[in-house]
Structures are given as C-alpha cells and as structure tokens.
Amino acid sequence: MSNLNFIKPNKKNINLFLVLGISFFTLGILDFCFNNFYETNITGFLPGFINFFTPLIFAMIGLYLIRIEYSGIKLLDEINKNINTNNFNAALSVSIILLIIFSVAPLLNWFILDANFVGESKEACTGGGACWVYIKVWFNRFIYGMYPNAEQWRVNATFIIVLALMGLGYFFPLKFKKYLTFYYVILLPIISFLLIYYLISGGEFGLEWVETGAWGGLSLTFIVSFFSLIFCFPIGMMLALGRRSELGVIKYSSLSFIEFWRGVPLITVLFMSAVMFPMFLPDGTYVDKLIRVIVAITLFEAAYTAEVIRGGLQALPRGQYDAAKSLGMGYWRLHLLVILPQALKLVIPGIANTFLALIKDTPLIFVVGLLELVGMLNLAKTNPKWLGFSMEGYVFAGIIFWIICYSMSKYSQKLELKYKTDR
Amino acid sequence: MKFKKILPQFLTLLFIVIIFGFFTMNAQENMDTRGIEFGFGFLKQEASFDIQFSLIDYDGSRSYARAYLVGLLNTLLVSFIGIVLCTLLGVVVGVARLSPNYLIRKTASFYIEFFRNIPLLLQIFFWYFAALRALPMPEDAPLLLGSSFMTIKGLYTPAAIWNNFDVFFIALIIALIIIYFFNKFAKKKQEEEGKQYPKFLISLAIFIIIPALTFIIGGVDLSWSFPELKKLAKTSFTYEGGLGIPPELIALTLALTLYTATFIAENVRAGIQGVGKGQKEAAASIGLTPSQVLKLVIMPQALRIIIPPTTNQYLNLTKNSSLAAAIAYPDLVLVFAGTAMMQTGRAIEIVAITMATYLTISLFISAFMNWYNKRIAIQEK
C-alpha cells in the first residue's frame, strides 16, 4: 500500500479531497436512487455484476477520500470516528445507508404519500398505498369490540376513573404513605372491580346490561391485563416466599406450582380454562368466560413473577436476614419491613419484563372466543365489504402495542434508576 | 415452636387436598352424567381426519396416537429451526449492538426495540395474513437462486434424494465420536506436554472426509429433484417434485426467530459487557493474540452469563411455537388439543396429555442446559 501513498488523503489538500469525496459519495447514492426508484441506470454501460455494485463502490471511494485524521473540522472528525474508521466499517456503513434509503422511501409512500385518509367506504381507497379509511371506519370496533355504540361512554368513564384512582397514590400526604401498599394491592383492585362490574357490565342503576361476550377491542386488552397485573403480583410474592420457605410442604407445593405453570404454554392454559375447567365445577355452576381467562392468565404470570422475585430474594446478602432476626423480628415483620422492600427494588426490570410479556400475551385470549384488538382485526378482515386490508389492520395494532410496550419499558428503566441505591 | 412449624404446613396440605378433592369429585360427577369414562383408550381409535403437513406417514385411517405423534414432530421441527436461526441472528445482532460503528449499533438497537415490543401473535398474523399473501401465484413466481420458487402456496426448493442414507448417517455419527475422542486426547496432550494441535481444522477435516468417503466406497448417492410447474386445472397451478415448505411454517419460523432473537441479542450483549475490561487487558499483557483472548478468556466467561437466560428463551420459543394453532400450522396444539378434542370430546385427557408433553419438553431442555451450564461453570475449590 505504501506505493499508493500519493493518493492517500492528507490534510494538505483537504479541500480537494473533501470535494472529491463528497461528490463520489453523492454519486453513489444518486446512482442507487435512480436504479431503484426511477428505473434508469446511469452506469448501464458497465457489465452486469459491476453495475450492481457501483453505488457501493462509489460511496466507498467517497468515504475513503474523506478519511483524514485530525482534519480540524469537527463534523468530519466525528463522522470518521463513528462510521468511517476503516474500509470494512465504511462498507458496512454504506450498506446500511443504502438499505435505509431502499426501505424508507417505499414505506413513506405506503404510509402517507399514496395512502387514503378521506372517505367512508372501500371505494375511497384508490391509491397504491395504505387505506387508513379502513381503520377510521372500524375504529370504534377496534377499541370497544361489539360494545353498543351508545354505551361506549361508560367504558371511557371507567378507564378515566381507574386511571385517576391509580394516580391518586402519588398525591398521598406523607402521613398516609404507609397505607400506599394496602391501597394499591387491596383497595384499588376492589374499587376497579366494582366499577367495571357496575359501569361497564351494567344491569343496575338503570344502566343497560352488556354481556362480556360483547366486550372487546383494545379496552378488553386493558381490562384483562390490568386485573392480571394487579393479582399476579401478590400471588407471585407469596409463591416466591413459599419457595424459599423452610417448611417442606409449603416449599415443594410452591415449587411444583411454579414449575408447572412455567412449563406449559399459555395457549394450553387458556384451553384448559375454556374446556377443562367447566368439567371441574359442580353441574350447573357457570363462571363467566372473562373471569376464567383472567384467573388463568393471573396464575400463569404469577409463576413467572415468583421466579423474578425469588431472584431478588436470593441476591440479598445473608447479613440482612441475620441482622433483622437479631432485632427479634418474626418471619412476617422480617420480610415485610426488611427483605421485600430491598428485594423488590432489585427486581424492577424483571417485573417490568414480566408485565410486558403479560400485555403481549393478552391477544391469545382469542382461543376462547374473546376478541380483543388482534381478534377484532381478524374479524374485520373477513368482512366481505372490507376484504384485503389486513396489512393496515396489523400495522395499526402493531403501532398501538409498540407504543404501550415501549413506553412501559422506558418507564421501568427510569424507575430502576430512581430506586437504585448503592449498597 | 414445633406447633408453629406444623400448623402452616398442615393447613397448606389441607387446602391442596380440599381443592383437588373438590375438582376430582365434580369431574367424576360430570363425566358420569354425560356418560364418559375416563381413560386413554381413545388413542387407539381411528382418527379419520387429515393433516396437511406431516413428517411421517399419516392419513385419516391411522390412530389418534399417530396424529399426536405427527403434531409433536411438527412442534419439535419448528422449535428446532427457530432455536438454530434465532441463536445465529441473536449473536450477530448482540455483537452488532456493541459495534464501534454508530450506524450498525443504532440499526441493531432499532431492530431489538422494534420487534420485541410487538406481540408475537400479531407478528405471526402479519407474516402469514399480510406479508406472505402478497407473494405471487405459483405460475407467476420468479426463479430464486436458480432452483427455488417463493409463492403464495409456500417455498419450493430442490429436494435431496439419498441412496443408502443410513450408511451416510452412520458415518456422520462415527465422525462425531472420533472428533470427541480426538478433542479429549488433544486436551490431555496440551495439559501434560503443552503441545497444541490445530484442533478445529483437524475436527473439520474428520467431519468432512469420513462422510465423503462413503460416497466412494459406501455406495451412497445423492441426486436432486427440482420443483416443476404443473397444471391442475385451467387457472390452478402447483409445483411437483422438490421440497415444498408450507407458508404456515415459514410465517411461524420467521416470527418466532425475529421475536426471540431480540431477547437473545440482549443476553449476548449483557454477557460480553459483563466480562471486565481488566480481563481483556490482562490476557493481552501475557501475550495472547486477539483471537486467543476472545476464545480463551472472553467467551468462556461471557457464556457463563449468557447461557442461563438464553435457556429461558429457548424454552419460551418452544412454548410460543404453540401459537401455530392460530394460523393452522398442524402442531401439537392444533392437531391434538384442537381437532382431536373436537372429535372425541375428551377434554380432560387431551389437555392433560398436551400439557404433560410440553412440561416434558421444557424439563428436557432445561435439564440439558443445566448440564451444559454446570460443565462450563467456574470450578470453585
């Protein structure tokens, strides 16, 4: 390579190399764009396989020419340090840039430029892009399922009240802070259950009764995951303590409970709740499908929560137990006041992951015939008036779930930092 | 004191016995009123339903037990392919996440954040109902890589036709055994005399040469059958010959791989980051080459961090493969807990068998990984 030194970029002719490099790079990108989007090939005179690689080659020559160390230009130095350290890195960078151009442009077209936003029926969708009219027309169904249109304010009201109640804990005066756990673990679930029972289900106070079979869409996703979340946490905690108990019967029953639920897929658990569970009840008793599903998901996720909490319990040094015992604390005081507060702090990321998994698992309830968001999509897809728009539906649901899960995981990272204490 | 220990245990036991007793009594009563007898005799009855995709001989005249086996093998197939692919992808993305190149790092983390925050079921539906439905019909499908066709009805690739495959297979196993003993021998030599062999190269040579020999002296023969377009009716075409991979399997594998690989990538990243910088520097300072540092110092320590959570992901993948039922890929849940249960109405037996099967698979995988984990764990004295 030493005899090629005369074309090695140097600081002396920096302007020349910069101009040359940038123009080569632009040429490469332009060539790529023309090739893919306008179907004209500006390098068509070259033989086939070289022709295919010309954008890459041009862009790489461009990056080679601007690879000047300590150029004194801040932006250039940053670029060289981060994406252009050597030829191999440059090739990877160029490939990724080309890939982004290749995928972003059609996506943009599909999402916005060629998409249809206005209209009321399938005929309004003429462009080659997405048909957002479909989402608009079906929006109510996707959010509320088969819940009657006139009664949907009840669902909204319930969610707003529950959210407000959840936020209430934040404003507790210092004096009542010690009741916070009681409020969240016992009071809130009861209030929410009563709210959902009387307001969404109705049947009393002059409200029309809506059977659970008509519930659906995103609101059902929220109801199922809310209750499962709230119940699986205390059960998981008991199981985790049980698994570490010194009492044989408790230890091994917790252990087998956890291992059983962790060993089977959720879909079979739901099958069990749908077809096997009614066989285990006295003849004539009927438990609502929704309740059966919530119980099944709760037990399933409780096993995972238990394992996560156990990890936190194990991570605590023995000294914590010994110190608490030497103060004369009994089993419950020791765990409630000393061990659990520390252990739970350690497992925030794990708990958040379990909760995320729970939310992502809720669409599975379609196997027992409950149609939450994804189930509603599959129903809408088969409507003869709206055939052929499955893509839009899945993209819509994907965006909603992504926003929920991503914001939850970011929030858990924030919590983790907030409660991180050095030991 | 003793009383304090016995009472809670007694109460737990009582609680469990009462719950189980209550359930069994009701189940017994319900089955009596419906005239069903608990038992597994139905497994021998004729199944009389067809399964679209099967690894072993199967048709409607075979028994339910055979249908169960077909479903189980399909589950194992998709899990196995998924585990292999998601490990490869996960390792690549996990390493890319630590790349010094800004673009690569960001692309990798974009991929991870994107795919792991969308429910798996939604991804399976997306690939199956939206993406794969956009593929061309068999008659319009372009040729891929000279011999395959990607169509709306699935992927058609050339199939290998073996002559005397068993000889080849035995040779492969013999090669693996020889490699195992050779590696043991090489390790012993290195520990006793400090002599190093090019272990990897010799192993690779054994692995290639011994099976290749069977072509010359064992009478093993390999030929390919290519898919060819065939007209069924005026506008209906299909491919004949070759290997047809159904779109359900493709969609399921794609979704499982892309989803699980995000978790494995995060494990790999955490594992590599978990090895202290001092380890690398110390290894370099005693004169190890960069590849030796990676092989002898970093990887053994990183693997220890990577393996336990990755085992969990393998288990999750296997369990998640049961979502196949949603797109009618004939796995264990669809064939057995779906069709077979509809036909026989034996809810308790069938759900119990299905759950027991998944439990067994889970226990097997975790036992194997525990064994492997123990092997590479730090030997503390």
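**View 1. Gln279(B), Lys280(B), Ala283(B) and Ala284(B) of helix α8(B) meet Val293(B), Val297(B), Ile298(B) and Gln301(B) of helix α9(B).** Sorted by class, the residues of this contact between α8(B) and α9(B) are five nonpolar, two polar and one charged. Please keep in mind, here and in the views that follow, that the model is predicted. Helix α8(B) covers residues 277-285 and helix α9(B) covers residues 290-320; their axes come within 10 Å and cross at roughly 155 degrees. Because angles over 145 degrees count as roughly antiparallel, α8(B) is roughly antiparallel to α9(B). As for its hand, the crossing of α8(B) and α9(B) is right-handed.

**View 2. Four strands of chain B make an open sheet with antiparallel pairing.** If you trace across the sheet, the order is β1-β2-β3-β8. At its edges stand β1(B), residues 143-144, and β8(B), residues 243-245; each has a single partner strand, so one side of each is left without a neighbour in the sheet. As background, strands of a sheet pair through backbone hydrogen bonds, in either a parallel or an antiparallel manner.

**View 3. Strand β2(B), residues 148-151, runs antiparallel to β1(B).** Two bridges join β1(B) and β2(B). To find your place in this pairing, look for Leu143(B), which stands opposite Phe149(B) of β2(B). Phe149(B) also has a bridge partner in β3(B), namely Tyr156(B). Which residues of β2(B) are on the covered face, and which are on the uncovered one? Phe149(B) and Thr151(B) make up the covered face, while Ser148(B) and Met150(B) make up the uncovered face.

**View 4. A hairpin takes the chain from β2(B) to β3(B).** Two residues link β2(B) and β3(B) in this hairpin. Strand β3(B) spans residues 154-157 and pairs with β2(B) in the antiparallel sense, over three bridges. Here Met150(B) is found opposite Leu155(B) of β3(B). The pairing of β3(B) with β8(B) is likewise antiparallel, with three bridges. In that pairing, Thr157(B) stands opposite Leu243(B) of β8(B).

**View 5. Ala328(B) has a positive phi.** This residue sits in the loop between α9 and α10 of chain B, where α10 spans residues 332-344. Most residues other than glycine have a negative phi. For Ala328(B), phi is near 65 degrees, a positive value in a residue other than glycine. Is Ala328(B) buried, exposed or partly exposed? It has 14 other C-beta atoms within 10 Å, so Ala328(B) is partly exposed; a residue is buried if there are 20 or more such atoms and exposed if there are 12 or fewer.

**View 6. Chain A and chain B touch through 40 residues of chain A and 46 residues of chain B.** On the side of chain A that touches chain B, each of these helices supplies at least two residues: α3 (74-83), α4 (87-113), α9 (248-263), α10 (266-276), α15 (373-381) and α16 (390-418). Which helix gives the largest share of that side? It is α16(A), with nine residues. By class, the side of chain A that touches chain B consists of 27 nonpolar, ten polar and three charged residues.

Notes. Residues are numbered from 1 along each chain as its sequence is written. Chains are lettered from A and ligands numbered from 1 in the order in which they are written. This is a predicted model: local features need pLDDT of at least 70, side-chain atom pairs count only at pLDDT 80 or more; totals for chains, interfaces and linings use all residues. Axes are lines fitted to C-alpha atoms, for helices over the stretch in contact, and angles run from 0 to 180 degrees between N-to-C directions. Angles under 35 degrees count as roughly parallel, over 145 as roughly antiparallel, 65 to 115 as roughly perpendicular and the rest as oblique. A crossing is left-handed if the near helix is turned anticlockwise from the far one by less than a right angle, and right-handed if clockwise. Two residues are in contact if their C-beta atoms, placed from the backbone, lie within 7 Å. Ala, Val, Leu, Ile, Met, Phe, Trp, Tyr, Cys and Pro count as nonpolar, Asp, Glu, Lys and Arg as charged, and the others, Gly among them, as polar. Two strands pair if DSSP finds at least two bridges between them.
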